[in-house]
Amino acid sequence: ACRIPALARKAASLEMPAVALTDHGSLAGAVDLSKAAREEGIKPIFGCEVYVVDDRRLQTKGYAHLTLLAADNNGYGNLVKLCSLGYLEGYYYKPRVDWELLERHARGLIALSGCLSGRVSRALTEHRKKDAEAELDRLAQVFGQDNTYVELQNVGLEAQQAAFRGLPALAERRGLPLVATGDVHYLDASDASSHEALLCIQ
């Protein structure tokens, strides 16, 4: 429900200097984002919300979300590789990657700790603080302390509040920066019913 040209126009109208596109498991919109952002005079940030599992070779349904952003050309190349390998080697309902692939292709990537479906936030909402710290430490080890950000989202969902309250303290203890993000799936409140219909038909 969030068309790329409209996304770029909206970002420009809000005087945002840049906009990121982080589709799930895919970089299919990267070229369109590049064109639309250039037309609007804003910087495109290429990213992907990857599906992470412990072992991509096992056919298990459980996965977590992880937001990755390309910091440079190396990062973009690694993002392309991760997305491709997710389909070629890890596909089981979703294109999945595991920590082996993430470690191999981490250069030039920025990792955000993720939404409610990310391992860090999920652990906090389940009151598993030590697990949340361990997951954040693993991200910092793979992507580097300077390329790992603790992601804050708050769209008013009750389920978000435990993570929203716990993440700043966790970031401070680990010496990691915070970044506030918007989990944008449509651009205006008037699009809500259209988005709901889209979700229903998948």
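This is a predicted model: local features need pLDDT of at least 70, side-chain atom pairs count only at pLDDT 80 or more; totals for chains, interfaces and linings use all residues.
**Helix H1 and its cover**

- Helix H1 spans residues 4-13, and its buried residues are Ile4, Leu7, Ala8 and Ala11.
- These residues sit on the same side of H1, because the arc they cover around the axis is only 95°.
- Strand E1 (18-21) and helix H2 (30-40) are among the elements that cover the buried residues of H1.

**Helix H3, one side in and one side out**

- Helix H3 takes in residues 73-88, 16 residues in total, and its first and last C-alpha atoms are 22 Å apart, close to the 22 Å expected at 1.5 Å a residue.
- Which residues of H3 are buried? They are Gly75, Asn78, Leu79, Leu82, Cys83, Leu85 and Gly86.
- Around the axis they cover an arc of only 165°, so they lie on the same side of H3.
- On the face turned away from that buried side you will find the exposed residues Asn73 and Leu88.
- The cover over the buried residues of H3 includes strands E2 and E3, strand E4 (96-98), helix H4 (99-104) and strand E5 (109-112).

**The nonpolar cores**

- The largest nonpolar core has 33 residues, and the members that touch the most others are Leu66, Leu68, Leu102, Phe143 and Leu167.
- Helix H6 (residues 129-143) supplies the largest share of this core, with five residues.
- Leaving out residues up to four places away in sequence, Leu102 is in contact with Val52, Leu66, Leu68, Leu82, Val97, Val142 and Phe143.
- Another core lies apart from the largest one; it has eleven residues, including Ile4, Ala8, Val19 and Ala37.

**Leu112 in strand E5**

- Leu112 belongs to strand E5, and its relative accessible area is 6%, so it counts as buried.
- Beyond residues up to four places away in sequence, Leu112 touches Leu66, Thr67, Leu69, Tyr149, Glu151, Val179 and Thr181.
- Leu33 and Leu112 are 79 residues apart along the chain, and their C-alpha atoms are separated by 20 Å.

**Aromatic rings**

- The count of aromatic pairs, with ring centres within 6.5 Å, comes to four.
- One of them joins Tyr51 and Tyr63, whose ring centres are 4.8 Å apart; the planes meet at 80°, which is over the 60 degrees required, so this pair is edge-to-face.
- This pair links distant parts of the chain, since Tyr51 is in strand E2 (residues 43-53) while Tyr63, twelve residues away, is in the loop between E2 and strand E3 (64-70).
- Are the two residues buried or exposed? Tyr51 is buried, because its relative accessibility of 5% is under 20%, whereas Tyr63, at 28%, is partly exposed.
- Tyr92 and Tyr93 make an edge-to-face aromatic pair, with 4.8 Å from centre to centre and 90° between the planes.
- Tyr92 has a relative accessible area of 22% and is partly exposed, while Tyr93 is exposed at 55%.
- Which residue lies over the face of Tyr93? It is Lys61, at 4.6 Å from the ring centre.

Note on methods: Residues are numbered from 1 along each chain as its sequence is written. Side-chain values use heavy atoms; hydrogens and water are left out. Rings of Phe, Tyr and Trp (its six-membered ring) pair if their centres lie within 6.5 Å; planes under 30 degrees apart count as stacked, over 60 as edge-to-face and the rest as tilted. Helices (H or I, at least four residues) and strands (E, at least two) are DSSP runs, numbered from the N terminus. Buried means under 20% relative accessible area, exposed over 50%, partly exposed in between (1.4 Å probe, protein chains only). A charge sits over a ring if NZ of Lys or CZ of Arg is within 6 Å of the ring centre and within 35 degrees of the ring normal. A nonpolar core is a set of buried Ala, Val, Leu, Ile, Met, Phe, Trp, Tyr and Cys residues joined through side-chain atoms within 4.5 Å. Contact means heavy atoms within 4.5 Å. The expected span of a helix is 1.5 Å times one less than its number of residues. The arc is that of the directions from the helix axis to the C-beta atoms.
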